Amino acid sequence: MGSGFDRRLAGRSSSVCAGLLLTCLATVQPAAAGPREDALRIHERLAGVPPTPATLDAMADLLDGGDATGAAAIALDHPDFYRVTVKNWAKPWTNRDQTVFVPLNDYVATVVGMVRDDVPFNRLLSDNVVYYGDVSGVPAPSPADNRHYEALEAQNANLRDVLVSGTQTAVYGTPAEAAAGVVTSRAASRAFFVDGTNRAMFRFTLINHLCTDLEPLQDSSRPTDRIRQDVSRSPGGDSRIFLNRCSGCHTGMDPLSQAYAYYDFEYPEENPDAGRLVWNPPGSIDPETLAEHEVETRVQEKYLVNGATFAPGYVTPDDQWQNFWREGPNRALGWDFGPESPMGAGQGAAEMGRELANSRAFASCQVRKVFQTVCLRDPSDASDRAWLESTTDALPTSFGYAMKPVFAQAAAYCLVEP
C-alpha cells in the first residue's frame, strides 16, 4: 500500500513540476534587446573586447536615436579593431593555405593602414605604398626579411597608432614603375611569385579579391592565341581535354598574368625566407632566360619553361596584358564598375591591378568579406543579398571605396535587434 501511495505521489509531483515548468517558460521570456545590449554586441564583435562604461553610454545614446552606423563607428576607433579584427581579416590573403595563423607582414599592415586612413580600397592592387611601424627598438622594414613586422606583433603594437605609410620605392627600393600595391608586397611575393610560372599570383588575387577562382570563370569561347607553350594542346593524347577544359582557364588567365612577366621571388637555396622580390628593369636581359633558352629578353625565365610542350604556343615578349574576359560570360564580373579601369589592356602589374580592382566583382568581394567577418556567416537569404547589392553599389559612390563604413553598415545590419 505504501508503495502504491509513493507511486501516486511521484506521479502527482511530476505533473505539478511539469505544470510549473510550463508556467515558468510561458511567463519568463528573454527581454528584448535594447540599445545597451546592441551597443555591447557591436563593440565586442568589431573590437573583440567590451566597451568602457562611457563608450557604452555613448553608443547606446546613438542607437537610441536610430544612428546604428554612428554607434558602430565608435567601436571602429578602438585599437583592437585594427590590432585584431582587420589584421585577422587580411592575414588569410597572404598565404596559399589561406590561414590566419601567420605572422604580421607588410601585406597585412598595408591593409590595416589603408582601412584606418580611408584610402580607397580599389587602389589596393596598384598603388606604390607600404605601411610599416614607427616604433623604436625594432628592425627596420626590409625587402629581404619579415623581422620588422614580427617584432611589431611580438610587442602587441597598437597598429592604429604606430603604422605610417611610405612608398615601396622609398622603403624597399622597388622601382616606382614596378610597384603594384599588395601584389608587390614582400609577403605576397614570397607566397605567390616564388618558383612556378607566376600564374599563382593571378589565381590567388582572384580568390582573395574577386571571391572567385578559375573554375567558375572557364570560357572556352575566347581566343587561344595567348596561351603559353607550357600548356599541352592534347593532354594524355586527347585534344578535347584542352578544348573543353584547359583552354577555358588559360584563355583568360595567360594574357592577364602576362602583366607579371618581369617579376620573380629570388632566394638562397638554403633559406627561402631570406629571399626578396626582383623586377627586371628596362634594357635588362634576364640572365636565366638567356642561359636556359638563349633568348635576350627582360622576361623572367619561368615564362618560357617547358617550351617544347607545345612549341607553336605563345612566347611571352613583354608585360603587355589583355583582358579577354570583357567579352563572353565573364562580362558578369562587371568591368569598369569603378572610376579607374584601364579599359581592357595595358602594361604591367599596376595597370592590371586597376583593371581587377575596378570591377564590380572586386567591390562585391570586399563587402562580402566584411559581412562574413562581422556577421560570422555567409549572406544566405533575400534580405542579406539585397544588403550585399546595395552596399556594393554604395562602395564607389557614397563611401569612396573606404572600408570602415562597410564594417559599420554590416554591424548595423547584423547586430542591431529590429
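The following legends describe close-up views of a predicted model.

View A. Glutamine 258 lies in the loop that runs between α12 (239–257) and β3 (263–266). Its relative accessibility is 1%, so glutamine 258 counts as buried, the cut-off being under 20%. The side chain of glutamine 258 makes polar contacts with the side chains of arginine 226, at 3.0 Å, and tyrosine 314, at 3.4 Å. Beyond its neighbours within four places in sequence, the residues in contact with glutamine 258 include Tyr303, Thr316 and Asp318.

**View B. Helix α11 and its covering.** Helix α11 (residues 199–209) is largely enclosed by the rest of the structure, because 10 of its 11 residues are buried. Among them are Met201, Phe204 and Ile207. The elements covering the buried residues of α11 include α6 (106–116), α10 (186–193) and α12.

**View C. The disulfide of cysteine 211 and cysteine 365.** The sulfur atoms of cysteine 211 and cysteine 365 are 2.0 Å apart in this disulfide. The pair links distant parts of the chain, 154 residues apart: cysteine 211 is in the loop between α11 and α12, and cysteine 365 is in helix α15. Cysteine 211 is partly exposed, at 36% relative accessibility, whereas cysteine 365 is buried, at 1%.

**View D. The disulfide of cysteine 375 and cysteine 414.** Here the sulfur atoms of cysteine 375 and cysteine 414 are 1.7 Å apart. The torsion about the S-S bond is about 80 degrees, so this disulfide is right-handed.

**View E. Cysteine 246 and cysteine 249.** The sulfur of cysteine 249 lies 8.1 Å from that of cysteine 246, its closest cysteine sulfur, which is too far for a bond. Cysteine 246 is partly exposed, while cysteine 249 is buried.

How values were computed. Residues are numbered from 1 along each chain as its sequence is written. This is a predicted model: local features need pLDDT of at least 70, side-chain atom pairs count only at pLDDT 80 or more; totals for chains, interfaces and linings use all residues. Side-chain values use heavy atoms; hydrogens and water are left out. Helices (H or I, at least four residues) and strands (E, at least two) are DSSP runs, numbered from the N terminus. Buried means under 20% relative accessible area, exposed over 50%, partly exposed in between (1.4 Å probe, protein chains only). A polar contact is a pair of N or O atoms within 3.5 Å; within protein, one must be able to donate a hydrogen and the other to accept it, and residues adjacent in sequence count only if both atoms are side-chain atoms. Contact means heavy atoms within 4.5 Å. A disulfide is a pair of cysteine sulfur atoms within 2.5 Å.
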